[in-house]
Amino acid sequence: MNRSLIVDVLFWCFASASVVTGYLVFRTDSMVRAAFWLLASFVGVGAILVLLAAEFLGVVLILMMAGEMLIMAVVMVMYMMNPAGLNPMFMVHQHRFAVAAGVVSFAGLSVVALTVDFPDEPVDPSIDATAELGFELLGDSMLVFQT
């Protein structure tokens, strides 16, 4: 099977899983379950970054979000009155505004995705894109960040 086809199929699997688990964050009655659905969504995004040859960013995103969500879940179990969702709760405040903001954001991002002419030039394989991105983001602080 063509490698490009496999990458495309994996991309759409990870993308759709990220969208579905992101949706499930707001559909669950438990804040702990919401934290783990959010973690699953970020794992999908991290996997997409790995597919796009940004391995460092993808792995860092997955590791950082895993640590953050686990700590958040533990803190919620310790301090929340209803961490396991035994009593129904509504996870969205200002529901109408949240729905309107989501629809407007989706429409705006859809217009951008469909109308912008994105560059399609592959990066030269001799260039280390991860190092270049690090220097672009951190400049002279790159060595301090790495150590």
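**A close look at the first helix and its surroundings**

Guide: Let's start with Val-20, whose place is in helix α1. Helices here are DSSP runs of H or I with at least four residues, strands are runs of E with at least two, and both are numbered from the N terminus. This is a predicted model, in which local features need a pLDDT of at least 70 and side-chain atom pairs 80 or more, while totals for chains, interfaces and linings use all residues. Residues are numbered from 1 along each chain as its sequence is written, and side-chain values use heavy atoms, with hydrogens and water left out.

Val-20 is partly exposed, because its relative accessible area is 46%; under 20% would be buried and over 50% exposed, using a 1.4 Å probe on protein chains only. Now step along to Thr-21, which also belongs to helix α1. Thr-21 has a relative accessible area of 10%, so this residue is buried. In α1, the buried residues are Ala-15, Ser-18, Thr-21 and Val-25. What covers them includes α2.

Leaving aside neighbours within four places in sequence, Thr-21 is in contact (heavy atoms within 4.5 Å) with Trp-37, Ala-40 and Ser-41. Ser-41 lies in helix α2, which takes in residues 31-51. Ser-41 counts as buried because its relative accessibility is 11%. As for Val-20, 21 residues separate it from Ser-41 in sequence, yet their C-alpha atoms are 7.9 Å apart in space.

Next, look at α1 from end to end. This helix covers residues 3-25, and at 1.5 Å a residue its 23 residues should span 33 Å; the end C-alpha atoms are 33 Å apart, which agrees. The expected span is 1.5 Å times one less than the number of residues. Asn-2 caps the N-terminal end of α1, with a side-chain oxygen 3.2 Å from the backbone nitrogen of Ser-4.

Beyond α2 comes a loop. Ala-53 is in this loop, between α2 and α3. Ala-53 has a positive phi of about 70°, although it is not a glycine. Most residues other than glycine have a negative phi. At 49% relative accessibility, Ala-53 counts as partly exposed.

A pocket is an open set of points on a 1 Å grid over the protein atoms alone, with protein on both sides within 12 Å along at least five of seven lines, and lining residues have an atom within 4 Å of a point. Two or more lining residues come from each of α3 (55-79) and α5 (129-138). The lining divides into nine nonpolar residues, one polar and one charged. About 320 Å³ of space lies in this pocket, a volume being the space filled by probe spheres set on the grid points, which are joined across faces, edges and corners.

Finally, step back to the whole chain. The protein chain has six helices and zero strands. Of its 147 residues, 19% count as buried. Among contacts with a separation of 6 or more, 56% join residues 24 or more positions apart.

How values were computed
On a 1 Å grid over the protein atoms alone, a cavity is a set of points where a 1.4 Å probe fits but cannot get out, and a pocket is an open set with protein on both sides within 12 Å along at least five of seven lines; lining residues have an atom within 4 Å of a point. Ala, Val, Leu, Ile, Met, Phe, Trp, Tyr, Cys and Pro count as nonpolar, Asp, Glu, Lys and Arg as charged, and the others, Gly among them, as polar. A polar contact is a pair of N or O atoms within 3.5 Å; within protein, one must be able to donate a hydrogen and the other to accept it, and residues adjacent in sequence count only if both atoms are side-chain atoms.
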